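Please read it alongside the sequence and the model.

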Amino acid sequence: MKPTFFLVLFLTSSISLGQNKKGALSDIRNKYQLIRELVDTNTLRQHHTDYSCPESLEHGALTFYYNGNELKHIIHTYHQGHVKYQDEYYIWDDQLFFQYATHNIWYKDYEKSRSGKRLLVHVTLTLEERFYFKDREIIKCQFKDFENRSNNPKKIKTNYIRNINIGCDQAENAIEKYNLLLNFQKMNIEDACNLPKSITNMEPQDIIYGNIGLN
């Protein structure tokens, strides 16, 4: 066969895959928006549990949202020291199609004023992770991070920060966390210390030290 034939076949396949992915992402957005509307209007039935972990002074909450008997959404929030985590899972036909995780980390930094005086600055560092699934397969992964500093009156919001497409090495961790949390739909949380945590490929202290030039 002529090389031109293979080139045309490759381009056709690439265009088809791109269109399929674009359609899948559009479907995910539509399902996400519908579930968000149901959650925000308090339409879904909820199963809510608060918990604490004495060993690490951690406390949090786990909420499952149902449309009838069908699970639609899970939100897991927890605090530990100067860190607040939040994991959200969106489900359709018993399949995870979108996972969204955030970390908010609070710490202190110092900056020099024009006069040379050291000024204390309170910093909130935000990390966000997004995983998109279709038929149990990962199709897109994104990450963003930004910080707000007390000496800057202009607050940065997530909507104004672009997502960065990243490798999907951590997607399996997202699925594992989701599967573990499913076990607590009809159980009390007896061992909160072992509940799965949020963004697992980074240590908050490493990020903080890197931001203030200590790494």
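Eight strands make up an open sheet, ordered β1-β2-β3-β4-β5-β6-β7-β8, with antiparallel pairing; two strands count as paired if DSSP finds at least two bridges between them. This is a predicted model, in which local features need pLDDT of at least 70 and side-chain atom pairs count only at pLDDT 80 or more, while totals for chains, interfaces and linings use all residues. Residues are numbered from 1 along each chain as its sequence is written, and side-chain values use heavy atoms, with hydrogens and water left out.

**Overall fold**
- The protein chain holds three helices and eight strands, where helices (H or I, at least four residues) and strands (E, at least two) are DSSP runs numbered from the N terminus.
- Along the sequence the pattern reads α-β-β-β-β-β-β-β-β-α-α.
- Of the 215 residues in the protein chain, 36% are buried, meaning under 20% relative accessible area with a 1.4 Å probe and protein chains only.
- Among contacts (heavy atoms within 4.5 Å) in the protein chain with a separation of 6 or more, 45% are between residues 24 or more positions apart.

- β1 and β2 run antiparallel and are joined by nine bridges.
- Two partners in β2 are Thr 63, bridged to His 48, and Ala 61, bridged to Asp 50.
- β2 also pairs with β3 in the antiparallel sense, over nine bridges, and here Ala 61 stands opposite Thr 77 of β3.
- The hairpin of β2 and β3 has two residues between the strands, and Gly 68 takes a positive phi near 70° in this hairpin.
- β2 is mostly covered, with eight of its 10 residues buried.

- Helix α2 (residues 171-182) has 12 residues, which at 1.5 Å a residue should span 16 Å, and its end C-alpha atoms lie 17 Å apart, in agreement; the expected span is 1.5 Å times one less than the number of residues.
- Ala 171, Ala 174, Lys 177, Tyr 178 and Leu 181 are buried in α2.
- Viewed down the axis of α2, these buried residues fall within an arc of 120°, so they line one face of the helix; the arc is that of the directions from the helix axis to the C-beta atoms.
- An α-helix has 3.6 residues a turn, so residues three or four places apart point the same way.
- The buried residues of α2 pack against β2 (58-67), β3 (70-80), β4 (83-92), β5 (95-112), β6 (118-134) and β7 (137-149).
- α2 lies across these strands and runs at about 80° to β4, with axes fitted to C-alpha atoms (for helices over the stretch in contact) and angles taken from 0 to 180 degrees between N-to-C directions.

**Nonpolar cores**
- The largest nonpolar core has 28 residues, of which Phe 64, Ile 74 and Tyr 89 touch the most other members; such a core is a set of buried Ala, Val, Leu, Ile, Met, Phe, Trp, Tyr and Cys residues joined through side-chain atoms within 4.5 Å.
- β2, β3, β4, β5, β6, β7 and α2 each supply at least two residues of this core, and β6 gives the most, with six.
- Apart from this core lies another, of 12 residues, including Ile 28, Tyr 65, Tyr 90 and Phe 97.
- Leaving aside neighbours within four places in sequence, Ile 74 contacts residues including Leu 62, Phe 64, Tyr 89, Tyr 178 and Leu 181.

Notes: Buried < 20%, exposed > 50% of the residue type's maximum accessible area, 1.4 Å probe, protein only.
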